[in-house]
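Colleague: I would like to go through the aromatic contacts in this model. Please show it first.

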Amino acid sequence: MARGADSVAGERRAPGALMARLRAAGRLAAVFARLQLLHLQAHLEYEADFLIGVVGNALRLSVGLVFVWALFSQVPHIAGWDLWEVGFLYALVTIPQGLDILVFNGHWSIRRLVNSGQFDRILVRPLPGWLQVLAQDSGVNGLAGIALGAAILWYSSAQLGLAWDICRLAFLVCVLAGSTVLIAAMTFAANCLVFWEPAATATLPDLLVRTTEFAKFPLPAYGGVVRFLLVSVIPVGFISYFPSLVLLGKESDWLVVGMVSPLAGPVAAVVAHFVWSRGLTRYQGVGH
Amino acid sequence: MPATHAAERAAADVRLTPRSGYLALATASMQRSVAYRNTTIMNLVSNLVWMVVLFHVWQSVYKSSPSALHGYDWELMRTYLLVAFATNALLSLAVESEMFFSIGSGRVAVELMRPLDYMSARLAEALGAAAFEGAIAGAMAFSLGALVFGATPPASGLAALLFLPSVLLGFLVKFLLSFLIALLCFRTLNTKGLVWARAAVTDVLSGALVPLAFLPDWLHALAASAPFQAIIHTPVSVYLGRLEGDALWHALGAQLLWVAALWLLARVLWRPAVRVVTVQGG
């Protein structure tokens with residue numbers, strides 16, 4: 001989470017001050033957790049809506065699976081990856097996406113808050129603005145992604161005969177956590193564009209988030225330019241492809257990149273925080 | 001709201017503005033699309049992103065396999081992707097969400113007070129927006145097809161002639177299906193979930209995701225007997241010349257029948273649905 005980057009990146013101080021910062025960060029996390037749980041509770045009150053949300057999301061994710069099935073019914077390999085390996089990739093994208101929706105769904109509220117003039121309330125409260133924004137909502141729909149992704153992950157790894165020892169399991173947890181932070185950071189930064197483009201109907205954030213769809217297939221499937229973009233500009237390659245090189249035990253020159261992929265999350269979080277700060281300096285209020 | 005003003009101006013200034021309320025709504029909707037053209041373009045580019053993914057993945061598949069899969073060679077498949085993309089741009093998610101949201105937010109109560117039939121009014125708005133969306137999507141698809149994709153033109157003169165009417169019929173089917181699902185919005189707040197569900201089912205069964213021939217047998221059978229294929233599969237098949245002679249007219253007739261059947265269903269279900277107007281907004 002970004003708060004980790006926040007509390008560690010800073011000037012050198014006495015250990016006592018560091019402990020104080022960690023305690024403050026812990027308090028922020030507790031507040032955040034409580035707010036999100038409240039949102040979840042509120043959503044669960046409307047049972048029919050909850051079911052529709054979960055089913056709708058599950059259907060949407062299943063569409064991708066149908067696509068993968070249709071592809072592999074024609075050929076045994078795509079860019080050297082077989083059906084279950086691609087399924088594994090798919091799961092490595094779907095689970096973090098679901099976690100992001102479940103934990104951090106507040107990104108999409110920035111536009112609404114800024115355009116309706118409610119953003120000033122956020123700024124005067126004694127909590128970091130970005131934390132409040134993230135705590136605006138919790139998306140129950142995310143549960144569908146997590147459940148479906150976990151099921152695919154389990155099934156694919158069974159089909160591939162992967163051996164899950166402690167090391168691999170621990171790395172998987174790191175990868176999932178890192179990817180969740182990465183996706184959250186990308187979505188958050190994309191939504192911060194509203195500070196530069198306040199028009200209520202601009203859909204650039206949607207577009208940027210759509211690019212995570214690329215992560216559902218192995219990078220070698222894409223041409224050179226696209227592949228370069230997916231690693232450097234919009235780093236979706238770190239969500240699934242590079243980590244799976246390590247998890248699936250594949251031979252590749254990029255294994256090292258795979259090992260450090262979870263770190264892409266905190267790095268992206270720092271960048272997102274920077275975008276947020278720059279956006280705030282541009283914010284002038286919409287009048288009230 | 002532009003729609004109200006358009007209707008009022010239509011009544012007051014008969015010389016210059018359309019008399020018909022529906023035409024006024026359609027014009028206003030098109031004007032709104034033009035005014036917010038960045039949104040339209042961004043939506044199209046967003047769908048384009050997914051098409052780029054499809055393009056690359058299929059390219060990989062065709063590189064390592066025999067030349068024709070289910071009767072589609074690489075050139076046909078490229079064209080299919082492009083034409084399906086353009087056709088799918090009509091009645092975009094944005095327009096549809098607008099309709100769903102108007103029910104979810106309670107604005108429908110205001111709409112119901114107007115002397116216009118609710119469904120026809122929404123259809124007029126959808127057509128107005130689609131005129132603009134279609135023009136932009138068509139231009140995008142054409143330039144991409146000619147410059148980058150190497151797509152093929154319509155298979156024959158007849159195909160070219162019948163393509164647009166087929167698209168129009170498909171559009172009507174899409175609208176009616178969407179409207180039927182929107183009726184559910186009278187009973188639930190989670191319009192986003194409904195949109196997702198509708199989009200998912202439509203994407204698979206209409207041929208927007210993959211040509212129907214590629215679906216697993218049971219899904220293919222389901223698609224063949226469902227209205228969704230009229231939205232993408234039929235128009236694109238007309239364009240590619242995969243429907244000829246009798247099959248062509250049968251398919252067009254089927255589209256017409258689905259439009260009639262769905263329209264009837266919508267009219268029947270409308271009364272009971274609207275009786276449950278719980279205004280959720282304020």
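Colleague: Over which ring does the charged end of Arg242(B) sit?

Modeller: This is a predicted model, where local features need pLDDT of at least 70 and side-chain atom pairs count only at pLDDT 80 or more. Residues are numbered from 1 along each chain as its sequence is written. A charge sits over a ring if NZ of Lys or CZ of Arg is within 6 Å of the ring centre and within 35 degrees of the ring normal. For Arg242(B) the distance to the centre is 3.9 Å, and the ring is that of Tyr72(B).

Colleague: How many aromatic pairs does the structure hold over all chains?

Modeller: Rings of Phe, Tyr and Trp (its six-membered ring) pair if their centres lie within 6.5 Å; planes under 30 degrees apart count as stacked, over 60 as edge-to-face and the rest as tilted. Over all chains the number of such pairs is 27.

Colleague: Of what kind is the aromatic pair of Tyr118(B) and Phe179(B)?

Modeller: The ring centres of Tyr118(B) and Phe179(B) are 6.2 Å apart. The planes make an angle of 45°, so by the cut-offs the pair is tilted.

Colleague: Is Phe179(B) buried or exposed?

Modeller: Buried means under 20% relative accessible area, exposed over 50%, partly exposed in between (1.4 Å probe, protein chains only). Phe179(B) has a relative accessible area of 2%, so Phe179(B) is buried.

Colleague: Which residue has its charged end over the ring of Tyr118(B)?

Modeller: Tyr118(B) itself counts as buried, at 4% relative accessibility. The charged end over its ring, 4.6 Å from the centre, belongs to Arg122(B).

Technical notes: Chains are lettered from A and ligands numbered from 1 in the order in which they are written. Side-chain values use heavy atoms; hydrogens and water are left out.
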